[in-house]
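Hello,

Here is the structure we spoke about, with some notes on what was found in it. Please read the notes with the model open.

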Amino acid sequence: MSIRHGLLALLARGPRYGYQLRAEFEASTGASWPLNIGQVYSTLARLERDELVVRDGADGEGRFVYRITPAGEADARRWFATPLGRADRPRDELAIKLAMAVTAPGVDVRQVVRTQRAATLRGLRDLDRQKAVAKGGPGGPEEGGGRDARAWRLVLEAMIFQAEAEVRWLDHCEASLTGPAAL
């Protein structure tokens, strides 16, 4: 997800100032994608330059408030309507690491796979604990409900599914390293 489109989506809810956008972005993603306030303001400057947002004066505390323009609303709608292709996502560093390990002299690829699987399983257990808290435990994002809680739950579940898929892929890698057609 681009920060640009995330901010446009938030501004589609109504005018906001920079710190408010940062806080709502992080609440929506369960802080899984922390934003530097500088990123927020530099993105807002580009959105303003591209006439997708306008400054709508300042609030009572002197903070600039930004409002989405009709062009910005159209851009956000296009983003929501356009599916992401696999090529649109960042490269998979783990796949590249394992591909390099297979060809690098002196690297125990099986150990690389085992070490990664152990780390991924630890991460998966942590995500499962977070999900248990999110389902209504004290202090969890679900406490009080609302859009941010649902958004965080979706992000959390995506992270769980990705970790589960990574474990399956690592199992496949290890089997291919030890099977009859081993690399």
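From the N terminus on, the elements run α-β-α-α-β-β-α-α-α-α, which gives seven helices and three strands. Helices (H or I, at least four residues) and strands (E, at least two) are DSSP runs, numbered from the N terminus.

The model is predicted: local features need pLDDT of at least 70 and side-chain atom pairs count only at pLDDT 80 or more, while totals for chains, interfaces and linings use all residues. Residues are numbered from 1 along each chain as its sequence is written, and side-chain values use heavy atoms, with hydrogens and water left out.

Of the 183 residues, 31% count as buried (under 20% relative accessible area; exposed is over 50%, partly exposed in between; 1.4 Å probe, protein chains only).

Helix α4 covers residues 70-81. Its buried residues are G72, D75 and A76. Seen down the axis of α4, they fall within an arc of 100° (taken from the directions from the helix axis to the C-beta atoms), so they line one face of the helix. These residues pack against α1 (3-11) and β3 (64-68). The face turned away from the buried side carries the exposed residues P70, R77 and A81.

Helices α5 (93-103) and α6 (109-134) pack at about 160°, their axes 9 Å apart. That makes α5 roughly antiparallel to α6 (an angle over 145 degrees). The contact (heavy atoms within 4.5 Å) is made by L94, K97, L98, A101 and V102 of α5 with V109, V112, V113 and Q116 of α6.

Regards

Technical notes
Axes are lines fitted to C-alpha atoms, for helices over the stretch in contact, and angles run from 0 to 180 degrees between N-to-C directions. Angles under 35 degrees count as roughly parallel, over 145 as roughly antiparallel, 65 to 115 as roughly perpendicular and the rest as oblique. The expected span of a helix is 1.5 Å times one less than its number of residues.
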